[in-house]
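Subject: Structure handover

Dear colleague,

Here is the structure I said I would pass on. My notes on it follow below.

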Amino acid sequence: MARKPAQKKLESLTDIYAFFRQNQTPITFLSPTPYNLLGLGRWINKFEYINFFDSFDGTHPKITVPREHGPHEFRSIEDVNNYLLRHKEVRTRLKERGPGYLLLVMFDEETESLAKELGQKIALPPAKLRKHIDSKITTTKLGNAAGIQSAPNTMGRAKTFRELMKLASSARLGTDLVVQTPYGDSGRTTFFIKSEADWNKNEADLVKEQLKVMRRINHLPGTVEAVATRHGTLVGPLQTDITGFAEVTPYKGGWCGNDVFTGGMESERKAVIRMAQKLGDQLYKAGYKGAFCMDFLIDTDTRKVYLGEINPRISGASPMTNLITSTYGGCPVYLFHMLEYMGVEWEVDLSKIQQRWAEFDNWSQLILKYPVDKVEMITKAPSSGIWRMGKDGNISLVRKSIDWFLTADEDEAFYLRVYTAGDYRYHGADMGIIVSRGRFQTDDRKLLPRAAQWVKAINSQFEAVPVSGSSAPLPPPMHDSNKMF
């Protein structure tokens with residue numbers, strides 16, 4: 001048998017572009033929605049999506065949504081993905097495409113087994129390693145090993161308020177504390193404790209876990225997405241978090257979007273990039289490669305930057321990262337993630353790549369959750385696409401686009417629909433995403449009026465009827481695993 005010619009080492013962006021343009025290996029993003037990696041298919045040949053929700057009514061040429069759905073009860077993204085990988089239509093499509101690479105936001109050991117059965121390699125670190133790194137305790141230790149500071153903290157266990165205060169006292173943290181359990185979304189596994197009443201209210205969540213106990217500081221929270229590679233770590237644009245606004249989410253302190261903007265915080269931006277690079281290099285040494293999300297805290301009193309936590313996965317920061325790096329840098333950062341998994345030799349000057357997305361326009365995203373504590377069946381839902389807002393605050397669909405890059409100005413926004421007619425909405429359900437030019441939040445973390453207007457306007461496009469009794473589905477538990485992206 002003739003030996004396959006060796007792949008030429010990629011030594012420039014031109015080489016990398018050509019490699020992906022000529023790619024013949026199927027690459028599939030399998031997830032409830034295409035949200036996290038929407039648009040990446042413009043850069044990679046043989047890239048497709050397999051989703052549960054039909055956000056584009058069958059009009060996206062690279063999305064497969066199985067049409068036949070039997071009874072199902074999902075409690076997590078992993079449940080959705082495993083359901084898809086067992087679905088006959090999905091299995092048929094993957095077999096038609098042939099052996100390739102699979103990208104997912106969340107997966108577990110069952111997902112890994114199903115993917116292997118279908119001839120698909122998951123182009124992400126194994127579930128066991130991701131789970132290990134996902135712990136906020138492990139994050140702190142990895143940061144320490146990389147020479148990165150977390151907010152003043154200590155770690156340990158406490159079965160009583162007195163034991164917690166003793167733990168805090170030994171580390172000179174004071175009595176106004178932020179306490180985190182190892183796993184879960186920060187908005188729902190972070191507890192603010194300064195009295196025994198605070199402890200008693202949250203005791204059941206705390207006594208069984210190892211705790212990270214921190215001094216409470218005034219801070220600005222944010223995130224960056226980065227890619228750890230054999231040649232160093234590439235870091236995407238700094239994103240400040242939009243959290244806890246009742247107009248957008250029912251969860252106090254819960255993540256509900258991001259602002260990506262230029263101007264200001266120059267020293268803090270440099271510190272965050274250096275921190276993410278150090279962390280990525282440390283992760284690579286620990287056997288982790290590819291995309292990860294690093295949360296950070298900026299102390300607003302001292303302007304010191306601290307490590308928050310690591311999300312070892314494709315994440316909610318991925319859309320803004322790909323938008324900026326591809327539109328303004330001409331090079332989506334996920335190309336480098338795939339290079340790490342596709343068995344190709346490559347070497348380029350990452351410092352020059354990093355500089356490509358130093359300048360960009362302001363963009364924002366909002367994650368819309370249903371804020372009302374009742375179950376309803378949706379009878380009408382807004383279409384995905386570009387919407388335009390008039391001076392009266394009313395909106396109209398301008399065009400059914402599959403690409404959020406095409407929003408023209410701050411009076412337009414791209415809406416990606418999740419739930420549609422025939423689906424149920426319930427307290428905390430992810431209804432959709434709004435992406436727009438400009439900012440949705442002020443420097444001092446106030447929701448801008450235009451953001452509130454967009455939320456109100458999109459929500460007004462839904463119509464639904466109440467359901468109760470035996471006809472009402474059981475909503476998933478109020479937990480971060482309920483997120484659909």
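Two strands count as paired if DSSP finds at least two bridges between them. Helices (H or I, at least four residues) and strands (E, at least two) are DSSP runs, numbered from the N terminus. This is a predicted model, in which local features need pLDDT of at least 70 and side-chain atom pairs count only at pLDDT 80 or more, while totals for chains, interfaces and linings use all residues. Residues are numbered from 1 along each chain as its sequence is written, and side-chain values use heavy atoms, with hydrogens and water left out.

Strand 16

Strand 16 covers residues 363-369. It runs antiparallel to strand 13 (residues 255-260), and four bridges join the two. In that pairing, Val 260 stands opposite Trp 363 of strand 16. Strand 16 is also joined to strand 22 (residues 430-437), again antiparallel, by seven bridges. There, Gln 365 has Val 435 of strand 22 opposite.

For accessibility, buried means under 20% relative accessible area, exposed over 50%, and partly exposed in between (1.4 Å probe, protein chains only). Seven of the seven residues of strand 16 are buried. In a regular strand the side chains alternate between the two faces of the sheet. Here both faces are covered: Trp 363, Gln 365, Ile 367 and Lys 369 are buried on one side, and Ser 364, Leu 366 and Leu 368 on the other.

Helices

Helix 2 (residues 77-86) is mostly covered, with eight of its 10 residues buried. Those buried residues are Ile 77, Glu 78, Val 80, Asn 81, Asn 82, Tyr 83, Leu 84 and Leu 85. They pack against strand 1 (27-31), strand 2 (47-51), helix 3 (88-97), strand 4 (100-103) and helix 4 (109-117). Contact here means heavy atoms within 4.5 Å.

Helix 5 (residues 127-134) packs on helix 6 (residues 136-145) at an angle of about 80 degrees, and their axes are 5 Å apart. Helix 5 is therefore roughly perpendicular to helix 6. The contact involves His 132, Ile 133 and Asp 134 from helix 5, and Lys 136, Thr 138, Thr 139 and Leu 142 from helix 6. By class, this contact has two nonpolar, three polar and two charged residues.

The terms used for this pair are as follows. Axes are lines fitted to C-alpha atoms, for helices over the stretch in contact, and angles run from 0 to 180 degrees between N-to-C directions. Angles under 35 degrees count as roughly parallel, over 145 as roughly antiparallel, 65 to 115 as roughly perpendicular and the rest as oblique. Ala, Val, Leu, Ile, Met, Phe, Trp, Tyr, Cys and Pro count as nonpolar, Asp, Glu, Lys and Arg as charged, and the others, Gly among them, as polar.

Salt bridges

A salt bridge is a side-chain nitrogen of Lys or Arg within 4 Å of a carboxyl oxygen of Asp or Glu. A search of the whole structure finds 28 of them.

Arg 67 forms one with Asp 54, the closest N and O atoms being 3.1 Å apart. Arg 67 lies in the loop between strand 3 and helix 2 and Asp 54 in the loop between strand 2 and strand 3, so the pair ties together parts that are 13 residues apart in sequence. Arg 67 is exposed, at 55% relative accessible area.

Glu 410 pairs with Arg 450, with 3.9 Å between the closest N and O atoms. This pair links distant parts of the chain, 40 residues apart: Glu 410 is in the loop between strand 19 (395-399) and strand 20 (412-417), and Arg 450 is in helix 14 (residues 449-459). Glu 410 is partly exposed at 43%, whereas Arg 450 is buried at 15%.

Asp 443 and Arg 439 meet in a salt bridge at 2.7 Å, N to O. Asp 443 is exposed at 61%, and Arg 439 is buried at 17%.

Arg 388, Arg 399, Asp 409, Asp 411 and Glu 412 are linked in a network of salt bridges.

Backbone

Most residues other than glycine have a negative phi. Asp 57 has a positive phi, near 50 degrees, and is found in the loop between strand 2 and strand 3 (63-64). Arg 303 also has a positive phi, of about 65 degrees, and sits in the loop between strand 14 (290-299) and strand 15 (305-311). Asp 57 is partly exposed at 41% relative accessibility, and Arg 303 is partly exposed at 35%.

Regards
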